[in-house]
Amino acid sequence: MIGGKKDLLGLEYLSRQEIELILKTAKPMKELFTRTVKKAPALRGKTVVNLFYEPSTRTRVSFELAAKRLSADTVNISTSASSVVKGESLIDTAKTIQALGADTVIMRHPYSGAPELMSRHISCSVINAGDGTHEHPTQGLLDLFTIMEEKGRLEGLKVGIAGDILHSRVARSNIWGLIKTGAEVCVIAPATLIPPRIQELGVGVYNRIEDIIPELDVINILRIQKERQKELLFPSLGEYSFVFGIDSDKLRKSKKDLLIMHPGPMNRGVEVSSTVADSPASAVSRQVTNGVAVRMAVLYLLSGGAENEDAS
Ligand code: NCD
């Protein structure tokens with residue numbers, strides 16, 4: 001349980017204390033990675049099901065590794081090879097998975113709200129691994145964890161989120177998580193890629209990175225999500241890259257210790273240049289490593305975590 005809830009559906013629904021508990025729990029999980037035997041028995045006997053209705057490499061593998069490192073049994077269901085192609089409804093799929101004995105379902109879906117719908121029909125935990133343009137809470141948490149690790153704090157930092165904010169569930173989870181933990185957030189994108197009324201979440205809005213770069217401690221660069229764009233929101237990828245893509249030139253006036261992040265997958269040469277993505281200031285690979293630790297923490301806490309250990 002996290003804050004009395006069996007599911008993790010979004011950072012919007014967590015308190016600052018709950019977010020901080022997950023980040024704190026992820027630390028000893030990460031320490032496990034340096035041991036020869038990178039495994040702990042916390043989820044022995046539990047079954048974790050990965051149910052992905054959208055392509056994913058890093059998130060699916062990260063969850064699978066996280067579950068395996070906690071000694072759970074893992075099952076991967078890819079929807080092209082399941083009854084979903086035969087027309088089974090989401091709720092029937094949920095009930096089938098529950099009847100097969102799953103304890104936790106990790107779900108990615110192209111529709112916002114699908115994991116929430118599933119969570120209402122089954123008693124096992126549901127973890128949202130990205131739903132449409134809504135939230136991707138474990139990505140938000142791993143981004144927070146990475147910033148904490150690199151900067152030692154979240155409170156008072158100025159974090160810019162640049163790129164396709166309109167279609168990004170990563171942006172929404174980052175905004176909720178960062179604001180709740182005391183960071184200052186601004187989004188940077190062409191006007192057509194900024195969701196209406198985003199200011200109401202308490203974020204600053206900028207169209208040009210050049211206008212805000214000197215103030216930023218962290219820049220999180222997001223992918224242009226071509227697959228979600230139903231209309232042309234900028235003239236061409238080349239144009240986007242020229243005006244909004246983050247390259248060394250646009251970072252010229254940044255703080256010396258600016259931290260560069262990207263959730264991946266990257267469109268090199270579009271939203272970010274290779275020089276920036278591969279620079280020493282880039283935490284991209286460390287974000288991937290931290291993702292496993294944060295997901296272990298979430299699986300551990302949702303499965304009863306410390307409560308179970310106390311009882312045994
Ligand atoms: C993100 C996603 O799927 O929302 N990727 C990820 O989980 N690593 C971001 C993206 O697809 O651009």
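Leaving aside its neighbours within four places in sequence, N207 is in contact with I188, A189, P190, A191, I194 and F244. The structure is a predicted model, and a search of the whole of this model finds 2 cavities of 30 Å³ or more. This briefing begins with N207, which is among the residues lining the second largest cavity, and then turns to the cavities themselves.

**The residue N207**
- N207 sits in the loop that runs between strand 7 (204-206) and strand 8 (218-221).
- Although N207 and N76 belong to one chain, they are 131 residues apart along it, and their C-alpha atoms are separated by 41 Å.

**The second largest cavity**
- The second largest cavity holds about 50 Å³ of space, and its lining is made up of A162, G163, I188, A189, N207, I209, Y240, F244 and I246.
- By class, this lining has 7 nonpolar and 2 polar residues, with no charged residues.

**The largest cavity**
- The largest cavity has a volume of about 70 Å³, and the elements that give two or more residues to its lining are helix 2 (58-69), helix 5 (137-151) and helix 9 (284-302).
- The residues of its lining divide into 3 nonpolar, 4 polar and 2 charged.
- The largest cavity lies between domain 1 (11-136 + 289-307) and domain 2 (137-283), because both domains give residues to its lining.

How values were computed
Residues numbered from 1 in each chain as written. Predicted model: local features only at pLDDT ≥ 70, side-chain atom pairs only at ≥ 80, totals over all residues. Heavy atoms only, no water. 1 Å grid on protein atoms, 1.4 Å probe; cavity = no way out; pocket = protein on both sides within 12 Å on 5 of 7 lines; lining within 4 Å. Points joined across faces, edges and corners; volume = space filled by probe spheres on them. Helix = DSSP H or I, 4+ residues; strand = E, 2+ residues; numbered from the N terminus. Nonpolar A, V, L, I, M, F, W, Y, C, P; charged D, E, K, R; others polar. Domains from an automatic or database assignment. Contact = heavy atoms within 4.5 Å.
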